[in-house]
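Visitor: I have a few minutes before the next run. Can you walk me through this one?

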Amino acid sequence: MPIVGAYDSAVRWAADETGKDESEFPQNCPYRSEQVLDPSFFPGPDETDATRRD
């Protein structure tokens, strides 16, 4: 499944789990494909604060 499709599914799941509307989540995945696929990438509170953990 492409990352875009996985993100859309994740938003639907998160909205269902939290009771929030899907519109409250970012429309597009805030992380690059390289970040998502990097097992050492650990996102911070927002995209600008994303850091790597070692």
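**A walk through the chain**

Guide: Start with S40, which counts as buried at 19% relative accessibility. Buried means under 20% relative accessible area, exposed over 50%, partly exposed in between (1.4 Å probe, protein chains only).

Visitor: Where is the place of S40?

Guide: S40 sits in the loop between α2 and β1. Its side chain and that of D38 are joined by a polar contact of 2.8 Å. A polar contact is a pair of N or O atoms within 3.5 Å; within protein, one must be able to donate a hydrogen and the other to accept it, and residues adjacent in sequence count only if both atoms are side-chain atoms.

Visitor: Ground rules, please.

Guide: This is a predicted model: local features need pLDDT of at least 70, side-chain atom pairs count only at pLDDT 80 or more, and totals for chains, interfaces and linings use all residues. Residues are numbered from 1 along each chain as its sequence is written, and side-chain values use heavy atoms, with hydrogens and water left out.

Visitor: What pLDDT does the protein chain average?

Guide: The average is 83, and 81% of the residues score at least 70. pLDDT is the predictor's confidence in each residue, from 0 to 100.

Visitor: Which element has the lowest mean pLDDT, and which the highest?

Guide: Strand β2 (residues 51-52) is lowest, with a mean of 50. Helix α1 is highest, at 91.

Visitor: How many helices and strands are there?

Guide: The protein chain has 2 helices and 2 strands. Along the sequence they run α-α-β-β. Helices (H or I, at least four residues) and strands (E, at least two) are DSSP runs, numbered from the N terminus.

Visitor: How much of the protein chain counts as buried?

Guide: 13% of the 54 residues do. The chain exposes about 4500 Å², and carbon and sulfur atoms supply 52% of that area. Accessible areas come from the Shrake-Rupley method with a 1.4 Å probe; for residues, only the protein chains shown count as cover.

Visitor: Now aromatics. How many pairs does the structure hold?

Guide: It holds 1 aromatic pair. Rings of Phe, Tyr and Trp (its six-membered ring) pair if their centres lie within 6.5 Å; planes under 30 degrees apart count as stacked, over 60 as edge-to-face and the rest as tilted.

Visitor: F41, buried or exposed?

Guide: F41 is buried, at 14% relative accessible area. Y31 is partly exposed, at 21%.

Visitor: Switching to charges. Which side chains meet in a salt bridge?

Guide: Those of R32 and E34, at 3.8 Å from N to O. That is the 1 salt bridge in the structure. The term needs a side-chain nitrogen of Lys or Arg within 4 Å of a carboxyl oxygen of Asp or Glu. E34 is exposed, with a relative accessible area of 56%.

Visitor: And K20, what does it touch?

Guide: K20 touches A15 and F25, leaving out residues up to four places away in sequence. Contact means heavy atoms within 4.5 Å. K20 lies in the loop between α1 and α2 and is partly exposed, at 44%.
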